[in-house]
Amino acid sequence: MSDDRLIVALDVPNALEGLALAQKLGDAVSFYKIGLGMLTGGGLALANELKDEMGKKIFLDMKLFDIGQTVENAVRGLAQFNLDFLTVHGDPHVVRAAQEGKGDKDLKILAVTILTSLDRADLDASCYKDGDVQSLVLERAAKAMEAGADGVIASPQEAALIRALPEAEGKLIVTPGVRPVGAALGDQKRIATPAQAIADGADHIVVGRPVWTAADPRQAAQNILAELASPQATMPNG
Ligand code: C5P
């Protein structure tokens, strides 16, 4: 089993392309993220296939948000798919409902704090309280973990600050926005290298385009794994 600290985001439009990519990556990658973009393209069927036929771990990135009863019902249904990670928005009532819904399944509920695409002007437009974005991220992370989230999604810049919160003890930190040295940034702004993200307290990194747009995706994944195995990357949480 390869190092499951690397989660590859399968941000391709449909399950067939996702499966082809997973086959190319083979045993180099053991953990995949499937997001909303693939929901209508067979995302759940792909999750089943990767899990049951190929023995992979699955992170379903749904970022659920609704009244508690609806979140609970949705998570109860999704939990039947034997997923490993599922995202919900970090509002305490949503997190509590998701925990109810997962029942006794070994599914980790990860909370989204504030989407990294939002700046202070966006938060004003959504009537968020005053304060700089980073403080609000920390406050929302603490509240989500207090409400029972198994962990949070965070930018690499926030990972160290969240790791230092007392509420974060024993919780997972999963960071997208990770770029190996020399990789194209795409639309990511607040990035770190794989080794930096892990050294700052992340348990898992999510990497998409640097792997799936590479001429040799398997080699790209193996380069990231080599970096994770290097002395710069330490495992602060386990
Ligand atoms: O291609 P790239 O490595 O930028 O992909 C990162 C993945 O993580 C994408 O699926 C993206 O939607 C997701 N993500 C993110 N930033 C967040 C939350 C999720 O980039 N704050």
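1. Let's start where the ends of the sheet meet: strand E1 (residues 6–9) pairs with strand E8 (residues 204–207) in the parallel sense, over 3 bridges. Leu 6 has Ile 205 in E8 as its bridge partner. Strands here are DSSP runs of at least two residues (E), helices runs of at least four (H or I), numbered from the N terminus; two strands pair if DSSP finds at least two bridges between them.

2. A quick word on the source: this is a predicted model, where local features need pLDDT of at least 70 and side-chain atom pairs count only at pLDDT 80 or more, while totals for chains, interfaces and linings use all residues. Residues are numbered from 1 along each chain as its sequence is written, and side-chain values use heavy atoms, with hydrogens and water left out.

3. Now the whole sheet: 8 strands form a closed barrel in the order E1-E2-E3-E4-E5-E6-E7-E8, with parallel pairing. On average, neighbouring strands of this sheet are turned by 25° against each other, direction ignored.

4. Have a look at Asp 61 in strand E3 (residues 57–64). Asp 61 is buried, because its relative accessible area is 8% (buried is under 20%, exposed over 50%, partly exposed in between, with a 1.4 Å probe and protein chains only). Its side chain makes polar contacts with the side chains of Lys 33 (2.8 Å) and Lys 63 (2.9 Å). A polar contact is a pair of N or O atoms within 3.5 Å; within protein, one must be able to donate a hydrogen and the other to accept it, and residues adjacent in sequence count only if both atoms are side-chain atoms.

5. His 93, in helix H4 (residues 92–102), is partly exposed at 36% relative accessible area.

Terms used:
Axes fitted to C-alpha atoms, helices over the stretch in contact; angles between N-to-C directions.
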